[in-house]
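Colleague: Hey, can you walk me through this one? I'm new to reading structures.

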Protein chains: 2
Amino acid sequence: MIKLSKKVEYALMALRSIKGSGENIVTAKEISEGHNIPYDLLAKILQKLKKENILISTQGINGGYKLNTDLNIISLSNLMDMLEDNKAIVECQQMKTDSDCIMLDDCTMKNPMEKMQKELESLLKSKMVSEFL
Amino acid sequence: MIKLSKKVEYALMALRSIKGSGENIVTAKEISEGHNIPYDLLAKILQKLKKENILISTQGINGGYKLNTDLNIISLSNLMDMLEDNKAIVECQQMKTDSDCIMLDDCTMKNPMEKMQKELESLLKSKMVSEFL
DNA sequence: ATAAAATACGACTATAATAGTCCAATTTAC
DNA sequence: GTAAATTGGACTATTATAGTCGTATTTTAT
């Protein structure tokens with residue numbers, strides 16, 4: 001299955017709004033209402049983007065968010081790493097050891113899967129956030 | 001998120017076993033026990049593969065499964081289509097109409113997403129099942 | 001004939017991942 | 001000090017995936 005989480009989808013929408021406002025700061029509420037995104041969920045997403053230095057925030061009344069990065073250099077892969085939990089195509093790719101793999105040492109899938117995962121990731125790395133806004 | 005379902009993973013394991021046995025037919029039980037795959041789940045997977053003419057089955061005692069296709073011409077994309085439910089990267093790609101899209105006509109994501117989806121699919125189409133066995 | 005061993009099928013339950021909610025704290029302009 | 005915003009953690013709900021159960025059907029060895 002290949003699917004973007006709502007988090008990434010919402011993040012893209014939010015980034016579009018924020019980018020569109022230029023230097024003016026935008027509140028989570030405005031974005032939430034403008035795009036029908038659940039407020040609390042959006043707030044969390046924006047906080048993560050802030051922690052990753054994609055956004056800069058000011059608190060208090062009149063607070064809100066502003067862009068802090070060139071979205072041309074942030075890839076979809078980056079965004080997914082920030083917001084989603086894992087991106088491994090098969091479990092054994094995300095395990096430190098493969099001691100509990102049911103195939104054990106006789107696995108013919110691991111290497112080709114690893115290769116494919118890298119190819120998929122490289123595709124996702126080549127897609128810049130700005131291309132979707 | 002990009003992840004293969006267990007169904008596809010189990011299917012690959014099963015196909016490997018079946019392919020390895022050449023003309024001898026293999027039972028679901030043998031595969032299940034040999035690879036620690038839940039029997040009932042595996043049975044369903046094999047039935048689907050049979051319906052898709054990947055496998056051929058014989059019923060009754062001494063029954064089982066045999067290959068019915070060249071696995072070099074079945075892609076991972078094919079296998080996913082057979083076994084997984086949807087492969088659309090964002091919801092609006094799998095909707096007939098986009099009447100209920102919250103972005104309505106002002107969506108900047110749809111086209112680039114569609115493009116990316118095609119690229120991902122083409123990658124998955126280029127990966128043949130045989131490469132993983 | 002019948003019992004055994006297999007596939008075939010549908011409905012159900014369990015688990016895990018994702019999405020969304022709630023409540024409270026903190027910050028800041030007025 | 002209050003209103004409006006971000007910040008943060010814990011919780012619930014929903015959905016998708018994984019797995020189970022019961023039963024029917026088919027085939028064949030005896």
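Modeller: In chain B, the buried residues of helix 1 pack against helix 2, helix 3, strand 1 (55-58), strand 2 and helix 4 (76-83). Helices (H or I, at least four residues) and strands (E, at least two) are DSSP runs, numbered from the N terminus. This is a predicted model: local features need pLDDT of at least 70, side-chain atom pairs count only at pLDDT 80 or more, and totals for chains, interfaces and linings use all residues. Residues are numbered from 1 along each chain as its sequence is written, while chains are lettered from A and ligands numbered from 1 in the order written.

Colleague: Which residues of helix 1 of chain B are buried?

Modeller: Among them are B:Val8, B:Tyr10, B:Leu12 and B:Ile18. Buried means 20 or more other C-beta atoms, placed from the backbone, lie within 10 Å of the residue's own.

Colleague: OK, new topic: how many residues does each chain put into the contact?

Modeller: Chain A gives 27 residues and chain B gives 27 residues. Two residues are in contact if their C-beta atoms, placed from the backbone, lie within 7 Å. Helix 5 of chain B gives the most to chain B's side, with 5 residues.

Colleague: And how many residues surround DNA strand C?

Modeller: 27 residues do, and the closest are A:Ser5, A:Lys6, A:Pro38, A:Asp40 and A:Gly60. Near means a C-beta atom, placed from the backbone, within 6 Å of the strand.

Colleague: Which helix supplies the largest share of that surface?

Modeller: Helix 3 of chain B, with 4 residues.

Methods. A residue is buried if 20 or more other C-beta atoms lie within 10 Å of its own, exposed if 12 or fewer, and partly exposed in between; C-beta atoms are placed from the backbone.
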